[in-house]
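Hi,

Here is the structure I promised to pass on.

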Amino acid sequence: MLNRNIVFPILIIVISAVILSLIPQFTVPVYYQQDASVGAKFFPTVLVIAQIIICIALLVQHRAKKHKAQESDGLFSKMSFFGLCFLVVYAVLIGLLGYLIASLTAFTLYLAYLKTKKLSYYLFAYFFVVAIYYLFSHVFVISLPEGIIF
Amino acid sequence: MIDHLFVGLGAAFSLAIFPVLIFGVLGGIILGALPGLTATMGVAILLPFTFGMEATAAMVMLIGVYIGGIFGGSISAILLKTPGTPASAATVLDGYSLTQKGEAARALSIAAVASFVGGLISTIILIAIAPMLAEFALRFNAPEYFALALFGLTIIASVASKSILKGLLAGTIGLLISTVGLDPISSVPRFTFGILDLYNGINVIPVLIGLFAISEALTQLEKLHAKEKIAEKFSNKLMSLKDLKSILPTSIKSALFGTSIGAVPGAGADISAFVCYNEAKRVSKNPEEFGNGSIRGLAAAEAGNNGVTGGSLVPLLTLGVPGDAVAAVLLGALIVQGLTPGPLLFTQNPEIVYGIFSSMLVANIAMLLIGLLGIRFFCQISKVPKLLMIPIIIFLSIVGAYAINNSMFDVGIAISFGVLGFVLNKLEVPTSPILLAIILGPMAETNLRKSLLMFEGSWSFLYERPIALAFILLAIFSLWSTIRRHRKTASST
């Protein structure tokens, strides 16, 4: 049975093979090829080969230890998947609405999704968002994301 | 020298300078604690405020920000697993473990004391032997930098507590990520796929925000159940006298290491913290405690990163060469004040130089006092329910990632690395080696290739240059002792 300890190294080996195929496509200038013994391709090539060797060693080590297939949960639970979606939605909202409105909206949606009824939590959330906005934009004069719409 | 120092101390406590110094340290702590805002950024942000100031007051304020900023980064690293600055990345390893055990106040007090020891010793060395240290640092050329980076990379094996192979894999992932962008010698685009934002490479700050903060937020969210919405209780106990005795030798040693590393141009507080952490773990009788809330590990990282504060000023003040980004901003501040850094500064403007030295001593004391007095206040963060803390971490992370370059691309990088960190945590692959490799990778590659160009393709620089050879031997020794320790642990379990 396949488990994480087998799938992950194989996945890295496949990615490494793809990277290895990309390395020859680097456009190295002709003058440089004449002068240097080690060029732009050297480091990535060594690293990718090392990565493949390490992954093979991990597979061998796993086989040697005769690990039983772990009965573990999936990589993403319902909550972590929600967190991931929240991150992406927040990043998109920030691009559209700017920091202040996006953060107020995202915090409200987050608390509503988790069925929070405490008013104090909502008030704290709004205070925090506005405080950070004030601190960055007015005290430190650091620009925060501005949206396309606002 | 002593006369100048006393005059400087008098100036540091004067009504014109002391409030400015406190403002600088406090501002630095606040800025450093905010993810994404580094000590360098803090000094740069406050630089325009100094244009109208008298030279000594201006430099004192900026140095206060620098010292406070390096310490400030550890507050969020300890409490939220979100390093405020790259210099605090090593602090997370043990600092956050202590917070999880309900010992946030103890961790913060240890961080404050170790930072103070690191900063104080570094300043004393700066005052005493700055010119000699500068001469040593100037002997560093490409082969020495490569060897130093190689030595730093051996730490990967050390921080990979469970599996060296998985640690090495994480290290190669980080090194590979560090090759993205224009290659440092011949400007060949590598893995850029025509995306302009990738030409400058991947910035380390969104990576660390993603790997530590966002991935932690996702992990916490997963653990969030109805009964766990309120943060667990924690102890208000500060460090004990026993703790102090335990961390003092490590702190002093790390301070010395940090000062030496800081004096080498290009090697900053982030590298120093990891090197000192590794060294403390290597010589420890209980290395298994490291990564699980070791107070020595925390002290080593903190004394190591604050030890850089004095060291980095050595080449700046003695030679006019900025050793790192903060020193470059300080160089700008000196020039704005009409001063020329270098050997002549000591003879032409001793009041400025010794004013800076004395203020550094006072700034470190101020940092200690503010750090200790503020612990109760900082710890309130731990009382915030996790339900609220998770989006707070996410918002601060996104804002911090954006603030570096005003770029949504960096926000995307932070989110991507957040997901990567979350997945790797589940696979029991350590994430610290990725960060370490991204920091040290460009240094290793650039200097290896420069060395090969200098030696016309010969690898003899590895054994012909004494300092480089010393670092390589240290790297081999460090790797050997780590592997031996792992074998011992494996055979005993």
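**What I found**

Just past helix α6(A), V141(A) has a positive phi of about 50 degrees. Before the rest, the ground rules: this is a predicted model, where local features need pLDDT of at least 70 and side-chain atom pairs count only at pLDDT 80 or more, while totals for chains, interfaces and linings use all residues. Residues are numbered from 1 along each chain as its sequence is written, and chains are lettered from A and ligands numbered from 1 in the order in which they are written. Helices (H or I, at least four residues) and strands (E, at least two) are DSSP runs, numbered from the N terminus.

Back to α6(A), residues 119-139. The buried residues of α6(A) are A125(A), V129(A) and F136(A). They cover an arc of only 50 degrees around the axis, so they sit on the same side of α6(A); the arc is that of the directions from the helix axis to the C-beta atoms. Buried means 20 or more other C-beta atoms within 10 Å of a residue's own, exposed means 12 or fewer, and partly exposed is in between, with C-beta atoms placed from the backbone. The face turned away from the buried side carries exposed residues, including L119(A), F127(A) and Y134(A).

What do the buried residues of α6(A) pack against? They pack against α5 (99-113) of chain A together with α19 (386-405) of chain B. Contact here means C-beta atoms, placed from the backbone, within 7 Å.

On the interface as a whole, the contact takes 53 residues from chain A and 45 residues from chain B. α3(A) gives the most to the side of chain A that touches chain B, with 11 residues.

Chain B itself has 23 helices and 2 strands. Of its 493 residues, 61% count as buried. The C-alpha atoms of chain B fill a box of roughly 60 × 60 × 50 Å along the principal axes.

Two loop residues of chain B are worth a glance. F193(B), in the loop between β2 (189-190) and α10 (204-223), has a positive phi near 50 degrees. N406(B), between α19 and α20 (408-426) of chain B, also has phi near 50 degrees, and N406(B) is exposed, with 12 other C-beta atoms within 10 Å.

Cheers

Terms used:
Contact = placed C-beta atoms within 7 Å.
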